[in-house]
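This briefing is meant for a reader who is meeting the structure for the first time. Please keep the sequence and the model in view while going through the points below.

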Amino acid sequence: MTKKDFWISVLKRLMPTITKANFLTWFQNTGVLEIEKDTLKVGVPSNYLETWLSQKYGIKILQAAQEINPEIKKVEYIVETALMNPGDIRAVDIRPIVAAVNEKKVRKVKNLNEVTMMSGANGEKILSQMMNNRYKLDNFVVGFDNRLPHAASAAVSKVPGGIYNPLYIYGKVGLGKTHLVQAIGNEILRNFPNKIVKYITAERFVSEVVEAIGKRHMQSFKDRYRKVDVFLVDDVQFFARKDSSQQEFFHTFNELYDANKQIVLTSDRAPAELDGLEERLKSRFAMGMVVELLCPDFETRLAILQQKCRESQMIIDSEVLNFVATNVQSNVRELEGVLKQILAETQLFNLVPTIRSAAEVIKRMNKAHQIIGYDIEAKQNFIARSSQDVMKVVSEHFNVTIEQLISEDRHSDLMLPRHVCMYLIKNELGESYEKIGLGFGGRNHTTVMHACNKTAKKLRTDIRLVRDINAIKREMGL
Ligand code: ADP
Ligand code: MG
C-alpha cells in the first residue's frame, strides 16, 4: 500500500465520525509524509490545521491509523505548505471521497426498499408498506406488563390463522404496538417465506380507499387485498368516522377471516371504546384475542435500556441507566429518545455518559415531572476550587470513596482514579507536586509527578480516559 493509499484508508474511516463540513475543512490537502517505524508523519498545509488536527482529532486519527497498521503508536503533524500546490502528489483531495460515501448511502437506502418487496405464493411480488426488519420478537424486551401481548404475537407467528384470530393489541402511545405487529410480519415471513404479508396503517388504508374511489379502481383494490395471507393493520382507531373506509375494511376483514387468514390489529384503546366505529366492526375486532400493552415497570425499563445499548454497541454505566429508568416513566419511545439524546451529546462533547449529562437531557427534553436522585441546580452552580472538591468529584465519578483515593491501596481499580485526581489538581488548580503529595497521605512529590506524567501520556492514546476526564471537568464546573 502506498503512503497515499494508506492515508485515503485512514480518511475513509474518519469520515463517518466527523461532520461533512468539518471533514472538508480540516482534512483537505493533508497527506502522509512518512511512516517511520511506529510514527506516522502527517503533513498539513497550515499551522492552524496542525493545532486543530492534533488537538481535536488526534485520537481518532491515531485509532484509524492503528486499525490499518497496528504498528503505529504515534502521529506527528508537520506543517508543509507545499501541500497546497495543485501538483503535490502527496496531498489527498478529499472531495471525491466525500462524494463516494454519499453515493453509497443512497444505494443502501435502495436495498432497504427491496427488502420490503415480499414474495407471494406464485412468485409474484407485492410491495408492502415499509416494514422495518429492526422490529423482531427477539429484541422486544419481555417484562411483567407486556408478556401477554408478546406471547400472543409469538403464537400467531408460529401458527398464523390459528386460535388467536384476529389478534388485537392495544395500549397507549410508544409502548411497542408497531414493534410487535411488524415483528409478527417479519417472523411469519421467516417461517413461511411464501406467505403474502401485508402491513398497513389504518391511515394509509383510508387514503388508498379514497384514491381507489376517485380513480374508479375499487375492484382492483379489493382484489389486491383479498390475496393477502397475513393482514397487519396498525392504529385502527383511525377508522373512526371514516364511513366508506370502514365498510371496505369490514368486507376485507370478513373475507380474509372466513378464509382463515391471520389478522392482527393494533389500537390505542380497547375495541369497546372505539368511538365512531360501527358496532359490527367493534364486535369483529373483539372476536379473537384481545391483549393490552401496559407501561413497563422499572425493571423492564432498565432491561430495555440495556437492550438498546447492546444494539447500538454503546457502553453506559449501569448507574446512569438506572437513573434514566427511574426518571423516564412515560413510555418506551421517550425512554429511547432520551437514551439517544444522551448518546448524541456525549459523543458531541466527547464525554462518558454520566448522571449529570442524563439529568440535563431529561430536564431539557422535559421527560420527568421532577428529577429524582440528582439536584441539578446545585450541581450546575458548583465549581471545584479546592483539592478536596476535586477529590469529591473524582471519587463520585469512579464510584470510590475519598479514603480509598488517598489510601496506600494499590488495587488497579484505585490507581486510575488516584492518578486522574492528582492530574486534575495539578492541571486545573495548579497546586505544586509537594502539596498534592501531602494531600494524598504524605506521598513523595516524585510519586505525584510520575502519576501526572503517566496520565498526560495516556491521554494521548486512551479515548475512554479522555471522555472520563472531560466528564469530570464538567462536573467540576469547568
Ligand atoms: P407504538 O406503536 O405503541 O406507539 P412503537 O412500537 O413505535 O410504539 O414503540 C416505540 C419504540 O419503543 C420503538 O422503537 C420500539 O422498538 C420500542 N419498544 C417498545 N417496547 C419495547 C420493548 N418491550 N422492548 C424493546 N423495545 C421496545
Ligand atoms: Mg405505532
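Asparagine 350 has a relative accessibility of 24% and counts as partly exposed, a class that lies between buried, under 20%, and exposed, over 50%. The model discussed here is a predicted one, and in it asparagine 350 sits in the loop that links α14 and α15, with a phi near 55 degrees, which is a positive value in a residue other than glycine. Most residues other than glycine have a negative phi, and most peptide bonds are trans.

**Backbone features in loops**

- Arginine 216 also has a positive phi, near 55 degrees, although this residue is not a glycine, and it is found in the loop between α8 and α9, the latter covering residues 218-226.
- With a relative accessible area of 76%, arginine 216 is exposed, since the cut-off for that class is over 50%.
- The peptide bond that joins asparagine 165 and proline 166 is cis, with an omega of about -5 degrees, and proline 166 belongs to the loop between α6 (147-158) and β6.

- Helix α14, made of residues 332-348, and helix α15, made of residues 355-365, have axes that come within 9 Å and cross at roughly 125 degrees, which makes α14 oblique to α15.
- The crossing in which α14 passes α15 is right-handed.
- On the α14 side the contact is made by Gly337, Val338, Gln341, Ile342, Glu345 and Thr346, and on the α15 side by Ser357, Ala358, Val361, Ile362, Arg364 and Met365.
- Sorted by class, the residues of this contact of α14 with α15 are six nonpolar, four polar and two charged.

**The five-stranded sheet**

- Five strands form an open sheet in the order β7-β8-β9-β6-β10, and their pairing is parallel.
- At the edges stand β7 (197-201) and β10 (289-292), each of which pairs on one side only, while neighbouring strands of the sheet are turned by 15 degrees against each other on average, with direction ignored.
- Strand β6, residues 167-170, runs parallel to β9 and is joined to it by four bridges; among the facing residues, tyrosine 168 stands opposite leucine 265 in β9, and tyrosine 170 stands opposite serine 267 in β9.
- Strand β8, residues 230-234, is likewise parallel to β9 and joined to it by four bridges, and valine 230 has glutamine 262 of β9 as its bridge partner.

- How many of the six residues of strand β9 (residues 262-267) are buried? Six of the six are, so β9 is largely enclosed by the rest of the structure.
- Both faces of β9 are covered, with Gln262, Val264 and Thr266 buried on one side and Ile263, Leu265 and Ser267 buried on the other.
- Helix α10 lies across β8 and β9, and its direction makes an angle of about 140 degrees with β9.

**Helix α10 and its contact with α8**

- The axes of helix α8 (residues 202-214) and helix α10 (residues 243-258) come within 9 Å and cross at roughly 100 degrees, and the two helices are therefore roughly perpendicular to each other.
- In this contact, Phe205, Val206, Val209 and Ile213 of α8 meet Ser244, Ser245, Glu248, Phe249 and Thr252 of α10, a set that by class has five nonpolar, three polar and one charged residues.

How values were computed:
Residues are numbered from 1 along each chain as its sequence is written. Chains are lettered from A and ligands numbered from 1 in the order in which they are written. This is a predicted model: local features need pLDDT of at least 70, side-chain atom pairs count only at pLDDT 80 or more; totals for chains, interfaces and linings use all residues. Side-chain values use heavy atoms; hydrogens and water are left out. Axes are lines fitted to C-alpha atoms, for helices over the stretch in contact, and angles run from 0 to 180 degrees between N-to-C directions. Angles under 35 degrees count as roughly parallel, over 145 as roughly antiparallel, 65 to 115 as roughly perpendicular and the rest as oblique. A crossing is left-handed if the near helix is turned anticlockwise from the far one by less than a right angle, and right-handed if clockwise. Contact means heavy atoms within 4.5 Å. Ala, Val, Leu, Ile, Met, Phe, Trp, Tyr, Cys and Pro count as nonpolar, Asp, Glu, Lys and Arg as charged, and the others, Gly among them, as polar. Buried means under 20% relative accessible area, exposed over 50%, partly exposed in between (1.4 Å probe, protein chains only). Two strands pair if DSSP finds at least two bridges between them.
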